Amino acid sequence: MGKIEGLAHLGFFVDDMDRSIRFYTDVLGFSLRCRWEVPGVKAALLDLGDCCLEMMQYIEKHEFSTGRYDHLALRVTNIEAVWNDLKAKGVRFNTDEIIVDHGWGTHGARYILFPGPDGETIEIAEEMK
């Protein structure tokens, strides 16, 4: 049986990745876990205690119509079981398959997204070990 354990990370967009990393590490005390790029986007994970931030920066100029918050990610164990439990409760997912991202974090992650009641994006995520 799967279980939602808590917040996995909070993802948001920044204008300048280097400036934001300096602020969150030098001013707020976060540590940089890793950085990576996917087509069109730079990304970084920062940790402080049990809080994880995922910062993203569009490489091209981008206008934000709904703010910079991107998604709420919930850390799970046994993502397939949680996915099936949520489907049984009527949750409609954005894709038909769990996404595998080998570039996320230290070992990669498996995740799937779905809309919340007000259209906000919610992610269930399981870090790969």
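**Burial and salt bridges, checked against cut-offs**

User: Which strand holds Gln57?

Analyst: Gln57 sits in strand β4 (residues 51–58); strands here are DSSP runs of E, at least two residues, numbered from the N terminus. This is a predicted model, where local features need pLDDT of at least 70, side-chain atom pairs count only at pLDDT 80 or more, and totals for chains, interfaces and linings use all residues. Residues are numbered from 1 along each chain as its sequence is written, and side-chain values use heavy atoms, with hydrogens and water left out.

User: Why is Gln57 called buried?

Analyst: Buried means under 20% relative accessible area, exposed over 50%, partly exposed in between (1.4 Å probe, protein chains only). Gln57 comes in at 12%, so it's buried.

User: What makes Arg75 and Glu5 a salt bridge?

Analyst: The term needs a side-chain nitrogen of Lys or Arg within 4 Å of a carboxyl oxygen of Asp or Glu. Arg75 and Glu5 have N to O at 3.6 Å, so they qualify. Arg75 is in strand β5 (residues 69–77) and Glu5 in strand β1 (residues 3–13), so the pair ties together parts 70 residues apart in sequence.

User: And why is Arg75 called partly exposed?

Analyst: Its relative accessibility is 34%, so Arg75 falls in the in-between class. Glu5, at 40%, counts as partly exposed too.

User: How do you know that Glu126 is buried?

Analyst: Glu126 has a relative accessible area of 18%, so it makes the buried class. Glu126 also forms a salt bridge with Arg110, the closest N and O atoms being 3.5 Å apart.

Conventions. Helices (H or I, at least four residues) and strands (E, at least two) are DSSP runs, numbered from the N terminus.
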